[in-house]
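Subject: Structure handover

Hello,

Here is the structure we spoke about. My notes follow below it.

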Amino acid sequence: MISFRLPFPASKMVQTLGFIIFLMTASFANAQVAGVLSGKVTDVVGEPIIGASVFLNGTEKGTITDENGQYILAEIVPASYNLTVSYLGFETQTKFNILVKSKGNQAYNYILKESTENLDEVVVTNSKIGRPKETPLSTQTLSAVEIATYPGSNNDVVQVAQTLPGVSPSVGGFRNDLIIRGGAPNETVYYLDGMEVPNINHFSTQGSAGGPVGLLNVSFIEDVTLSTSAFGAQYDNPLSGVLQFRQRNGNSRNFGGNFRVSASEAALTLEGPLFKKDNEQSKTTFLISARRSYLQTLFALIGLPIRPNYWDYQYKIDHELDDYNSITLLGLGSIDDFTLAPPDEFDSKQQAQLEQAPFIDQTSNTTGLTWKNRFKDGSGFMQTTLSNNRLANTFTRYVDSENRTGIIFRNDAVESETKLRHQITKFYGDWKVAGGLNLQQSYYSNETVNTTNNLLFKTEIDFVKYGFFANATNSFFDNSLDVSFGIRTDADTFTEGNNLASTLSPRLGLSYEFQENWKLNASVGRYFKIPPYTMLGFRNNALELVNQDLKYTRSDHYVVGVQRILGPAASISVEGFYKNYDDYPVSVIDGVSIANKGGGFEVLGNEEIASVGRGRTYGTELQFQQKLTNNFYGIFSYTYFYSEFTGFDRNVFLPSVWDSRHLISLVGGYKLKRNWEVSARYRFAGGTPFVPTDLERTLEVYPDIVLDYPRLGEEKFGIFSQLDVRVDKKWNFSKLSLDVFFEVQNILAQNNPQPPEYGLNREESGAIIEPRSLIAIMQDNGRPIPSIGIVIDF
């Protein structure tokens, strides 16, 4: 198991802690300065709301929006606030945990919904925590401030999502796999401003999506929403989750940016107006960033054999053509290079890593152009996105990694998709109706060498995938009952037997407020996912496309829950869920469901597959959320569930490798005076089954590791338990704002579970002992991991 954790000794941690305390308590001569907040208020169609009231809670500061729906609040003491907007005939809305700085404040925009209550007066109160009518349950949203200060995440947006309700930690806790309610890591889809992004991690697992480091820049994010069921009809391919990233626009008035330095990387972000001339603000803005890892240098200094090296970049250019039309160009990409080098001194664990770890040369790029049109009659809006994504992945394991000789396995692949997504949303009285289509051209090529399984082939496929969807939403009985019904269907020109009729997928969402502040929520839906390209393009030695007849994997969701609104900033909910899978891919070689794979450094699905598997995950989930109130905020969740899948025998369900039964997640923070903040994250998962190593077969083909899949479920990991603590201190000056944070991951020094690792039995000098045999490698990952980060906004 390859881990990117830094093995700091305790003495180094104490020295680091002393340094950061000294830095944080040092006196600065600069006087405190004020900050400015700005934004725009519109209705759901995008029409500016003139004269809306904007109030900074807990202060006497307030204003109203101008003829363009915009507002500005100046001379604000830098601190954390809640910001409320209200207007006659519309629901009051509050954004919690607004961080005001002297520099680097993003725009806070509001979209207000019409209300049937209080039509003759404005009542200024904090809005209640709510969920969209289309997804009345199994949904959680985090703001930009909550993401940026998340403990233990190292500013990694995907790691933040791992702590949300129902999401299991990856094995060892170091990867960004999203394992939602017992589903596999490849069952989640990702959308960035409505554009699908297949790869959001560095060194991603081809055929899945996980990896050790996320590539999205937290400085771009306005909010993140994770849906673990009740997916909107506009999303294709989700089986367990939809993770949506909404990006902010660049500053339309002034140039600025920030510089971030953390334990493993440095990032520069720039933003501002384009073509502004003498205007107060520009109709064109840009937001651009680049990030560079220096893990490879740190690991070389420490003497570790792995050398993870990566770059990533991200950009967004937004232009308002007129009052009703805008275009946005956005993109992101990465350049990854994972190599190995022999350790300076012999160490059994490092030697095993050197022999078994892969070389990865990977590049990814996603670019999209979006046109948004707001209808002049105010009846709705339209969004059209044309995008392209490309992944080039060369994944190689060698007999001799030190000299890169003797290929055991090589996957040299390219995936490319060009997508057109079009959606129209119209309002007919109280009805909200949306519909659209997606059209996709897919290309995949691969050259595979697999000496362990005596496989050698080249492949190339090119086909079109298409889909249609519609959704209607309305409220009844004085808005006490919300109803949302959607349907979609998908097909392609490559696979056999998958057509628009066979993939028809209806879904229904209901939310009933049976008593004030009490809601009964329910949803039922059917969802389909096309098999990954690694499966579709696989050929046997006769160069036959043996997986072309694979069916789309099907997942039926049934969820019911009760939500209690405890106040303007708190809620508690309980949900019961059941997911039923069919036509799940099963490995012909190993006889096991592919649901049990994809959580490591590998290529998922590059083998003969049969669509014969079934699966089921079911359980209950408790969630409590407290938005910023009296300087405190937090989220607690507990999930109890089962995760079971079959192999070729469709009647025998076995616990999957994600079947931990118990999940606990607790994240909270407290805002202290003088811009200090303390936060913590605790995660717990019960013991999960793992696949033992076939020692006899592994010894024959070493350094390749062969897993004994028929023994899945015979052994379990110990529990996963980890507490991360973070301390932030912010300073504000006239030209910049400064945030210095110190965090310790695994502060309780818990040993986190990992599968047993084996290496060749060697003498202390490193010489192999004959006859060859395998021995277990001692593992010690129960160390606190301190890190320091600095964010400078200018």
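Asp-590 is partly exposed, at 25% relative accessible area (buried means under 20%, exposed over 50%, partly exposed in between; 1.4 Å probe, protein chains only). Its salt-bridge partner is Lys-597, with the closest N and O atoms 2.7 Å apart (a salt bridge is a side-chain nitrogen of Lys or Arg within 4 Å of a carboxyl oxygen of Asp or Glu). Lys-597 is buried, at 8%.

Salt bridges with shared partners also link Asp-236, Arg-421, Lys-465, Arg-488 and Asp-490 into one network. Within it, Arg-488 and Asp-490 pair at 2.7 Å between the closest N and O atoms. Arg-488 is buried at 2%. Asp-490 is buried too, at 6%.

Please note that this is a predicted model: local features need pLDDT of at least 70, side-chain atom pairs count only at pLDDT 80 or more, and totals for chains, interfaces and linings use all residues. Residues are numbered from 1 along each chain as its sequence is written, and side-chain values use heavy atoms, leaving out hydrogens and water.

The whole structure holds 38 salt bridges. One of them joins Asp-193 and Lys-316 (3.4 Å, N to O). Asp-193 sits in the loop between strands E11 and E12, and Lys-316 in strand E20, so the pair ties together parts 123 residues apart in sequence (strands are DSSP runs of E, at least two residues, numbered from the N terminus). Asp-193 is buried at 17%. Lys-316 is buried at 7%.

Best wishes

Terms used
Helix = DSSP H or I, 4+ residues; strand = E, 2+ residues; numbered from the N terminus.
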